[in-house]
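Here is a short report for someone meeting this structure for the first time. Look at the chains first, then read on.

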Amino acid sequence: MAQAKPAPHPAQRPLSPHIQIYRPLVNMVMSILHRITGGALYFGTLLLAWWLVAAATSPDYFNWVNGLLVTPLGRLVMIGYTWALMQHMLGGIRHFIWDTGRGFNLDTVDKLSWGTMVGSLLLTGGIWFAVLKGGF
Amino acid sequence: MSARLHPTDSPTKARIRTPLSRARGLGSAKEGTGHFWWQRVTAAANLILVIYLTWQVVRLAGAPHDVVKAALKSLLVSVPLLLLILSGAYHMRLGMQSIIEDYVHGEICKLVLLMLNTFFAILVGLTCVLAVLKISFGA
């Protein structure tokens, strides 16, 4: 039997088509969002660390950091952070349901996926309503 | 086990693994389903802690420094917060490990990124823990 030799230019071999050839299905988009929000939350922990260090440093520094958070850009980042957290949290619950072997009917999969999206937006809205209204 | 030395088997028949190794079923990485399992354990912990601490943060939104510090001194906030920092740091390290292993195929590059991932999780986790403890112990 002939032994397969490694190709001289492995990078030039044709690649399988990837996500660009598929119509965006709702569960596929939720899967991608789960990973993207996970990555965003990963780097977002730097914000939490910064805020905690500011609280542990001095009132002046803490006020300066809080002042940055209420600028339009700061608000945008914090609202995005909230949504990423809620999206990833609900996506995690969806995965917990799937981990038990339930919810794999295609219509259930789509309902869970839409539920993740709608739920994360509602929770984000609710949290920010409470924040801007002055806590509860 | 016999002390007899065995002839080398063909790859398809090789039985190099000991019976104990096969009974443990952990494979060559020696951790079996550990990655999957700890991702779930930390996810469950994060779920409970995030719900509770989101409520606490909303209550504190816009509060002045002394109020925030008083809240962080309270064990009802600091203990769950410390738990979330530890559980979250471990969870995000596992998650980023999966991302790196999925998308980075150069062996050296992958190993370096996996190490940086561990360093990042420990750095962020330890910084948060020390900031909370500093406030708890009276800063």
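## Basis of the model

This is a predicted model: local features need pLDDT of at least 70, side-chain atom pairs count only at pLDDT 80 or more, and totals for chains, interfaces and linings use all residues. Residues are numbered from 1 along each chain as its sequence is written, while chains are lettered from A and ligands numbered from 1 in the order in which they are written.

## Where the chains meet

Chain B gives 25 residues to the contact, and chain A gives 25 residues. Two residues are in contact if their C-beta atoms, placed from the backbone, lie within 7 Å. On the side of chain B that touches chain A, α2 (34-60), α3 (65-73), α4 (75-103) and α5 (107-136) of chain B each supply at least two residues. Helices here are DSSP runs (H or I, at least four residues), numbered from the N terminus.

That side of chain B has 16 nonpolar, five polar and four charged residues. Ala, Val, Leu, Ile, Met, Phe, Trp, Tyr, Cys and Pro count as nonpolar; Asp, Glu, Lys and Arg count as charged; the others, Gly among them, count as polar.

## A helix pair across the chains

How do α3(A) and α2(B) pack? Helix α3 of chain A covers residues 72-99. The angle between α3(A) and α2(B) is about 130 degrees, and their axes are 11 Å apart. Axes are lines fitted to C-alpha atoms, for helices over the stretch in contact, and angles run from 0 to 180 degrees between N-to-C directions. The two helices, α3(A) and α2(B), are therefore oblique to each other. Angles under 35 degrees count as roughly parallel, over 145 as roughly antiparallel, 65 to 115 as roughly perpendicular and the rest as oblique.

The crossing of α3(A) and α2(B) is left-handed. A crossing is left-handed if the near helix is turned anticlockwise from the far one by less than a right angle, and right-handed if clockwise. From α3(A) come A:Leu85, A:Met89, A:Gly92 and A:Asp99; they meet B:Arg40, B:Ala43, B:Leu47 and B:Val50 of α2(B). This contact of α3(A) with α2(B) has five nonpolar, one polar and two charged residues.

## Helix pairs within chain A

Helix α1 of chain A (residues 26-57) packs on helix α4 of chain A (residues 106-133) at about 45 degrees, with axes 9 Å apart. That makes α1(A) oblique to α4(A). The crossing of α1(A) and α4(A) is left-handed. On α1(A), the contact uses A:Val26, A:Asn27 and A:Met30; on α4(A), A:Val109, A:Asp110, A:Ser113, A:Trp114, A:Thr116 and A:Met117. By class, the contact of α1(A) with α4(A) has five nonpolar residues, three polar and one charged.

The axes of α1(A) and α3(A) come within 8 Å and cross at roughly 130 degrees. That makes α1(A) oblique to α3(A). The crossing of α1(A) and α3(A) is left-handed. Residues of α1(A) in this contact include A:Met30, A:Leu33 and A:Leu47, and those of α3(A) include A:Tyr81, A:Leu85 and A:His88. The contact of α1(A) with α3(A) divides into eight nonpolar, seven polar and no charged residues.

## Two leucines of α1(A)

A:Leu47 is in helix α1 of chain A. Is A:Leu47 buried, exposed or partly exposed? A:Leu47 is partly exposed, with 16 other C-beta atoms within 10 Å. A residue is buried if 20 or more other C-beta atoms lie within 10 Å of its own, exposed if 12 or fewer, and partly exposed in between; C-beta atoms are placed from the backbone. A:Leu47 and A:Val77 are 30 residues apart in sequence, and their C-alpha atoms are 9.9 Å apart in space.

A:Leu46 is also in helix α1 of chain A. A:Leu46 is partly exposed, with 14 other C-beta atoms within 10 Å. A:Leu46 and A:Gly91 are 45 residues apart along the chain, with 22 Å between their C-alpha atoms.

## Helix α4 of chain B

α4(B) has 29 residues. From first C-alpha to last, α4(B) reaches 41 Å, close to the 42 Å expected at 1.5 Å a residue. The expected span is 1.5 Å times one less than the number of residues. Buried residues of α4(B) include B:Val77, B:Leu84, B:His91 and B:Met96. The buried residues of α4(B) pack against α1 of chain A, together with α2, α3 and α5 of chain B.

B:His91 is buried, with 25 other C-beta atoms within 10 Å. Leaving aside neighbours within four places in sequence, B:His91 is in contact with B:Gln39, B:Thr42, B:Ala43 and B:Asn46. B:Thr8 is 83 residues from B:His91 along the chain, and their C-alpha atoms are separated by 43 Å.
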